[in-house]
Structure formats: structure tokens, C-alpha cells
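Me: I would like to go through the backbone and packing of this structure with you. Could we take it piece by piece?
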Amino acid sequence: MRDSTPNDLLRISVASDALGRRANRDLAHLPGPRGHRLWGNSRDFLPNPGQYVRDMRRRHGNCFTVGVVGNRRQVILAGPAANRLVLLDADDNFSSRWGWEVLSAHFPGMVLLRDFADHRLHRRLMAPLFKPAALRRHLIQMDPIIRESIRTWPDAIDIFRECKRLTLEMALRVFGGFEGGADHEPLYRDVATLLDNVLAPPGVRRWRALRARDRLRHTLHGELATRRQNGGEDLFTHLAVWTDEAGRGLSDRDVIDHMLGFLFAAHETTASALTTMSIKLAENPVWQERLCEECRAARQDFGDRLTSGCLDHLPLTDAFFRETLRLYSPLQMIPRRAVQAFRFEGRHIPANAPILLFPQATHFDPEFFPEPERFDPLRFVDAPGPDPFAFIPFGRGSHMCLGMHFAALEVKAILFQLLLTKRLRLGEEGSGTLNYVPLVRPLRPVRLHLSPL
Ligand code: HEM
């Protein structure tokens with residue numbers, strides 16, 4: 001596959017191009033817990049990074065370091081002011097490309113791995129797929145897939161596994177324009193292998209992911225000519241046919257990287273949120289009944305065919321979604337690399353320093369969320385809302401989640417059909433414990449019992 005042709009849009013040069021793979025380790029002047037020379041603080045940090053960062057914040061303030069493997073220090077910045085500085089990034093100083101470098105072997109051209117002017121250009125050309133009219137179209141596509149999946153779910157399911165399967169299928173159909181069925185089984189399999197192993201360390205799992213990536217690149221490349229000829233309303237086709245005023249388009253490689261990157265960003269994050277919500281519903285029969293009532297009333301007002309108008313009238317379901325995201329943000333860390341040195345709260349942070357933000361540092365801050373440990377969706381009902389930089393499950397600023405509204409629509413559409421047809425109950429094993437890194441998910445399978453209503 002050729003990476004580019006003379007008619008392709010070239011990558012715009014940006015300041016972060018000058019940074020290398022090796023981040024600045026000269027951070028000893030910053031406070032922080034001492035780390036072991038082999039594993040740093042990762043044994044304390046990984047089981048529940050949000051909790052650990054909150055403890056360290058109480059001890060060291062809003063700027064400190066922790067050590068990951070090899071005790072490589074990372075600068076942790078905490079609080080709404082830090083979130084605002086890094087995520088708004090008014091001076092183009094915080095590189096997402098180097099922050100998310102771990103993804104670069106799989107989809108180097110995806111939007112999250114682009115910085116500054118180059119990122120703005122690529123982000124802009126995806127925006128039409130997330131406008132209200134496009135979201136209405138996506139919902140029409142999703143509704144029958146959701147109904148059919150839920151109808152065929154057995155009486156007891158591994159909730160995370162089923163949610164992942166469903167969200168992947170929707171992403172492939174809605175954004176990829178692929179149909180389900182036996183023809184696409186190998187494609188579905190390769191996507192699942194790649195996405196399940198993207199963050200695996202070097203070894204067999206990573207090798208499998210890279211092989212699946214190569215087969216997928218080949219398959220998607222084969223599809224490009226058809227898409228360019230036949231057109232379509234999905235993201236893959238939209239990117240394949242896009243041209244600017246000068247007639248330049250995206251290279252084949254960029255279209256494919258964007259597509260794979262999108263599948264990665266879209267499916268497991270949403271599956272994580274759906275899983276924690278379902279567990280919370282199963283644990284709270286009173287809330288389950290409340291949301292079920294709300295869905296029944298909406299169906300009465302809007303009819304049986306699901307529309308975005310109907311989903312806009314589910315304030316309690318919406319609040320339940322937000323409260324779950326507050327407590328269990330699927331992405332626990334937002335990584336960046338500083339291009340230039342900067343100061344934060346009087347401390348000097350050198351150029352090329354690795355930076356980490358933690359949504360849960362502010363999500364559990366009693367200044368913004370009183371009694372933060374308490375699960376209380378009502379805090380999001382008829383409330384003015386906290387400082388926007390204190391609630392960041394979808395990030396904020398330049399790289400804020402492109403699929404945020406799509407995710408809310410998808411989650412509510414699934415819950416709507418689920419709550420109208422099934423009663424949710426946890427198995428005897430209960431809800432188990434959560435694994436937080438790289439993404440929030442049950443450590444061991446959680447069985448959810450579904451009885452028909
Ligand atoms: C509950 C579900 C989701 C959560 C919690 C979530 C969370 C996030 C967060 C925190 C970021 C910012 C990362 C950063 O700043 O480094 C992000 C970016 C992104 N998300 Fe989501 N996401 C979700 C669902 C989705 C879906 C469904 C899609 C696609 C339809 C999507 C596509 C993206 C993309 C493309 C980016 C990169 C945007 C950019 O770099 O400009 N996400 N997401």
C-alpha cells in the first residue's frame with residue numbers, strides 16, 4: 001500500500017515533531033513518593049490510580065511525580081486549574097501524540113495522535129459525522145441492532161463481554177458501513193483481536209495484535225476503491241472521498257488509521273460505561289424501577305420507534321449515566337507531553353516532561369461533589385453543574401471526545417430497550433472488583449441475570 005500520492009494532504013509540521021521517544025526524566029526537584037527502582041510506585045498505583053492520586057494530592061499538593069515501571073517519573077497535575085491549563089492548551093504546548101505514544105504502533109495517523117494545527121485540520125473534517133442530523137441517522141441504524149441483540153441475550157450474561165460485542169458491532173456498522181453476517185466474520189474477528197490487545201506489552205498478545213492490524217489494513221485498503229465509487233454516509237466512506245478546496249484528499253493510510261483509531265476509541269469506552277451502569281442498576285432496584293418508569297412514560301409520549309427526541313426526555317437516565325461516569329470514568333488517565341517548559345502553582349516543569357491528568361482527582365473532590373463516595377444521580381438533576389474542568393470523563397478542550405454525544409445516545413438507546421424488556425439482577429458472585437487500567441472493567445466476568453418483564 002502506498003502511504004501517499006502527490007494529491008494527498010500532507011501532515012502539517014508542528015512543534016511536537018521535535019520531541020523524541022525518550023521523555024525528560026530530570027524531575028527530581030518535584031515532590032512525590034519514593035519509588036522502587038524496578039517498579040516505581042506502580043504496585044500502589046495500578047490497582048486504583050484515582051484513589052492513589054487523591055491520597056498523594058492530599059500529601060503533596062496539585063503537582064507531584066509518581067514512578068511507573070523502571071521508576072520513570074511522570075508529572076501528575078491535579079485540580080480544575082491543571083485540567084484547564086493542559087486540556088484547553090491555549091499555547092499549543094501539550095502534545096497528545098507523545099502522551100498517547102503507546103497507540104502509535106497500531107494507528108499512528110488517528111486524530112488522538114495528532115497535535116495542534118495538524119490535529120485541528122483532521123478533527124474538523126470528521127465533525128459532520130457528529131452533527132445532530134447525523135446522530136439521528138445513526139440512531140435509526142442502531143435501534144434494530146440493539147433490539148435484536150437484547151432479544152437474543154440468554155437469561156444470564158457476562159455483561160462486559162456482551163456490551164463489548166454490541167458496541168463493536170454498532171461501531172463497525174455505523175462508522176465502518178459494514179453489514180453484519182458471515183461475510184464479515186473474519187473482519188470482526190481481526191478488529192476484536194487488535195482492539196483487545198492494543199495496549200499489551202511486547203509478547204505473543206502484541207504480536208497477534210500487529211498481525212491482525214496488518215490483515216485489517218489490507219482488507220480496508222481493498223474496500224477503499226468500492227467506497228470511493230459507490231459513496232455512503234458512514235465515516236469510512238466520508239474520509240475516503242473527502243477533498244479540500246485544492247482537490248487534495250487523505251492518503252489511504254490516513255483513512256485506514258482514522259478508521260481503526262475510531263473503532264478503538266468508540267467501543268471499549270462505551271462498553272465500560274454500559275457495564276458499570278448495568279451493575280449499578282442491578283445493585284439498586286429502586287433506581288432500576290425509576291428509570292424503567294421514565295422509559296415507559298417516554299415510550300407512551302413518543303411511540304415505539306426510538307428517536308433522539310425520545311432519548312432527550314430521559315433526565316434521570318441521563319443523570320444516572322453522568323453519575324456512573326463520575327465514579328467510574330472509563331479512561332482513568334489523560335496523558336500528554338510538554339513541548340516547552342512551563343510553571344504550575346510556582347513549580348518549574350521542564351520541556352519534554354510526561355504529564356498525566358486524572359479525571360477522578362476532581363470527580364471525588366468534595367468541593368465540587370459533596371459526599372463524593374456516595375452514588376447519587378440526583379446531584380446531576382436540575383443542578384447548575386460543577387466547574388466544567390472538574391467533571392471531565394470525556395476530557396475537555398482541543399481533544400475532547402468526538403464521540404461524546406454519540407456515546408450518550410448509544411448508551412441511552414441500549415438502556416431504554418433493556419429496561420423496557422428485562423429486569424436486571426446480579427448473580428450470587430455479586431459485582432466483584434474492578435480493574436482500572438488501561439480501562440475500567442470487571443477484573444473477573446460479572447454475570448448479570450435478565451428476567452423478562
Ligand atoms: C462513554 C464513552 C466514552 C468515553 C468515557 C470517552 C472518553 C474520551 C476521552 C477522555 C477522550 C479524550 C482523550 C484525551 O484528551 O487525551 C476521548 C477522545 C476521543 N474519543 Fe471518546 N469516549 C467515549 C466514547 C467515544 C465514542 C463512542 C467515540 C466514537 C464515536 C469516541 C471517539 C473519540 C475520539 C475520536 C477521540 C479523540 C478526539 C481528538 O483527539 O480530537 N469516543 N474520549
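This is a predicted model: local features need pLDDT of at least 70, side-chain atom pairs count only at pLDDT 80 or more; totals for chains, interfaces and linings use all residues.

Me: Let us begin with β2. Is strand β2 largely enclosed or open, and why?
Reply: Strand β2, residues 73–77, is largely enclosed by the rest of the structure, because five of its five residues are buried.

Me: Which residues of β2 point one way, and which the other?
Reply: Arg-73, Val-75 and Leu-77 point one way, while Gln-74 and Ile-76 point the other way. The residues on both sides are buried.

Me: How does β2 pair with β1, parallel or antiparallel?
Reply: The two strands run antiparallel, and five bridges join β2 to β1, which covers residues 63–67. Within this pair, Cys-63 is opposite Leu-77 of β2.

Me: And what lies between β1 and β2?
Reply: Five residues lie between them, and the two strands form a hairpin. In the turn, Gly-70 has a positive phi of about 75 degrees.

Me: What about β8: does it run parallel or antiparallel to β2?
Reply: β8, residues 354–357, runs parallel to β2, and three bridges join the two strands. Ile-76 is opposite Leu-356 of β8.

Me: Where is Glu-371, and is it buried or exposed?
Reply: Glu-371 is in the loop between α15 (359–363) and α16 (404–421). Glu-371 has 9 other C-beta atoms within 10 Å, so it is exposed.

Me: And Asp-382, where is it found, and is it buried or exposed?
Reply: Asp-382 is also located in the loop between α15 and α16. It counts as exposed, because it has 7 C-beta neighbours inside 10 Å.

Me: Which residues does the cis peptide bond join?
Reply: The cis bond joins Val-437 and Pro-438, with omega at about 0 degrees. Pro-438 belongs to the loop between β10 (434–435) and β11 (441–442).

Me: On to helix packing. At what angle do α11 and α16 cross?
Reply: The axes of α11, residues 252–283, and α16 cross at roughly 40 degrees and come within 10 Å. At that angle, α11 is therefore oblique to α16. The crossing is right-handed.

Me: Which residues make the contact between α11 and α16?
Reply: From α11 they are Thr-270, Ala-273, Leu-274 and Met-277. From α16 they are Ala-407, Glu-410, Val-411, Ile-414 and Leu-415. By class, seven of the contact residues are nonpolar, one is polar and one is charged.

Me: Lastly, what is the strand order in the open sheet of three strands?
Reply: The order is β4-β12-β9, and the pairing is antiparallel. β4 (156–158) and β9 (422–426) each have a single partner strand, so one side of each is left without a neighbour in the sheet. From one strand to the next, the twist averages 30 degrees.

Me: How many bridges pair β4 with β12?
Reply: There are three bridges between β4 and β12, which covers residues 447–452. In that pair, Ile-157 is opposite Leu-448 of β12.

Me: Which strands of the sheet does α11 touch?
Reply: α11 packs on the sheet and touches β9 and β12. The direction of α11 makes about 90 degrees with that of β9.

Note on methods
Residues are numbered from 1 along each chain as its sequence is written. A residue is buried if 20 or more other C-beta atoms lie within 10 Å of its own, exposed if 12 or fewer, and partly exposed in between; C-beta atoms are placed from the backbone. Helices (H or I, at least four residues) and strands (E, at least two) are DSSP runs, numbered from the N terminus. Two strands pair if DSSP finds at least two bridges between them. Axes are lines fitted to C-alpha atoms, for helices over the stretch in contact, and angles run from 0 to 180 degrees between N-to-C directions. Angles under 35 degrees count as roughly parallel, over 145 as roughly antiparallel, 65 to 115 as roughly perpendicular and the rest as oblique. A crossing is left-handed if the near helix is turned anticlockwise from the far one by less than a right angle, and right-handed if clockwise. Two residues are in contact if their C-beta atoms, placed from the backbone, lie within 7 Å. Ala, Val, Leu, Ile, Met, Phe, Trp, Tyr, Cys and Pro count as nonpolar, Asp, Glu, Lys and Arg as charged, and the others, Gly among them, as polar.
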